[in-house]
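Trainee: I would like to go through this structure with you, term by term. Please set each value against its cut-off.

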Amino acid sequence: MKKYISLILIFAVLLVCCNQPSKETVSEKIAPTDITVMSVDSELVKVSALSPAELKDDSVFTDGSIPTSWKIAGVSNVKGLKLFIKQLQQWVITNDKEMLASAVQYPLNNTIKTKESLIGNYDAVFTKQVKLSLATTNFSQLFRNSQGVMLDAGKIWLAQTGNNFKIIAINYGGEK
């Protein structure tokens with residue numbers, strides 16, 4: 001009987017030890033609704049975490065081209081960039097003009113010189129098409145080159161400056 005209990009105990013210990021998830025397994029199970037905190041201009045905000053599919057980068061784009069390195073685009077923190085895009089998506093959904101205006105590098109397109117000007121022209125800049133570009137971003141197919149990171153065939157351009165990310169261009173002209 002004592003031998004039988006010892007075998008059960010050893011089996012239980014092995015079962016527990018062998019079933020501990022690796023860090024990769026745990027990170028793969030993180031749901032997109034988990035909360036992460038990131039800083040934009042020293043203001044803390046909540047943003048949804050990235051799913052494993054959003055963290056992945058494709059080695060070939062759907063058009064058959066091979067993406068340029070993140071380094072060439074000036075991005076040293078790819079996860080931070082993708083979290084920034086997630087954050088932009090949330091601000092667009094809630095029409096948070098103040099936070100979106102804080103996420104822009106001025107002048108924007110040489111026409112919007114200040115944060116106040118962007119807030120005043122919000123609907124003309126963040127058109128339905130610009131908002132749709134953000135909403136439909138394919139995180140594994142982010143085009144990049146020496147100018148930065150492009151969303152939706154150039155509708156929006158992003159760049160990393162130091163540890164921060166900024167919108168550096170929005171091509172919104174002529175849309176209704």
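**Terms and values**

Mentor: Start with K166, which lies in strand β6. Helices (H or I, at least four residues) and strands (E, at least two) are DSSP runs, numbered from the N terminus. This is a predicted model, in which local features need pLDDT of at least 70, side-chain atom pairs count only at pLDDT 80 or more, and totals for chains, interfaces and linings use all residues. Residues are numbered from 1 along each chain as its sequence is written, and side-chain values use heavy atoms, with hydrogens and water left out.

Trainee: Why does K166 count as buried?

Mentor: Buried means under 20% relative accessible area, exposed over 50%, and partly exposed in between (1.4 Å probe, protein chains only). K166 has 12% relative accessibility, so K166 counts as buried.

Trainee: What is the overall pattern of the protein chain?

Mentor: The protein chain has 8 helices and 6 strands. Along the sequence they run α-α-β-β-α-α-α-α-α-α-β-β-β-β. Of its 176 residues, 38% count as buried.

Trainee: Where does F61 lie, and why is F61 called buried?

Mentor: F61 lies in the loop between α3 and α4. Its relative accessible area is 9%, so F61 is buried.

Trainee: Which residues does F61 touch?

Mentor: Contact means heavy atoms within 4.5 Å. Not counting residues up to four places away in sequence, F61 touches P67, S140, Q141, L142, F143 and R144. The C-alpha atoms of F61 and F143 are 8.6 Å apart, with the two residues 82 residues apart along the chain.

Trainee: What makes F143 and W157 an edge-to-face aromatic pair?

Mentor: Rings of Phe, Tyr and Trp (its six-membered ring) pair if their centres lie within 6.5 Å; planes under 30 degrees apart count as stacked, over 60 as edge-to-face and the rest as tilted. By this rule the count comes to 3 aromatic pairs. For F143 and W157, the centres are 6.5 Å apart and the planes are at 85 degrees, hence edge-to-face. The pair links distant parts of the chain, with F143 in strand β3 (residues 143–145) and W157 in strand β5 (residues 156–161), 14 residues apart.

Trainee: Why is F143 called partly exposed, and why is W157 called buried?

Mentor: F143 has 32% relative accessibility, so F143 counts as partly exposed. W157 has 12%, so W157 counts as buried.

Trainee: How do you know that the charged end of R144 sits over the ring of W70?

Mentor: The rule asks for NZ of Lys or CZ of Arg within 6 Å of the ring centre and within 35 degrees of the ring normal. The charged end of R144 is 3.9 Å from the centre of the W70 ring and sits over that ring.

Trainee: What makes E54 and K86 a salt bridge?

Mentor: A salt bridge is a side-chain nitrogen of Lys or Arg within 4 Å of a carboxyl oxygen of Asp or Glu. The E54 and K86 side chains meet at 3.1 Å, N to O. E54 is in helix α3 (residues 52–55) and K86 in helix α4, 32 residues apart. Both residues are buried.

Trainee: Why does the salt bridge of D57 and K82 tie together parts that are apart in sequence?

Mentor: The closest N and O atoms of D57 and K82 are 2.6 Å apart. D57 lies in the loop between α3 and α4 and K82 in helix α4, so the pair ties together parts that are 25 residues apart in sequence. D57, at 29% relative accessibility, counts as partly exposed. K82 has a relative accessible area of 0% and is therefore buried.

Trainee: Which residues have the most contacts inside the largest nonpolar core?

Mentor: A nonpolar core is a set of buried Ala, Val, Leu, Ile, Met, Phe, Trp, Tyr and Cys residues joined through side-chain atoms within 4.5 Å. The largest one has 34 residues, and L81, L88, F126, L158 and I167 have the most contacts inside it. Helix α4 gives the largest share, 7 residues.
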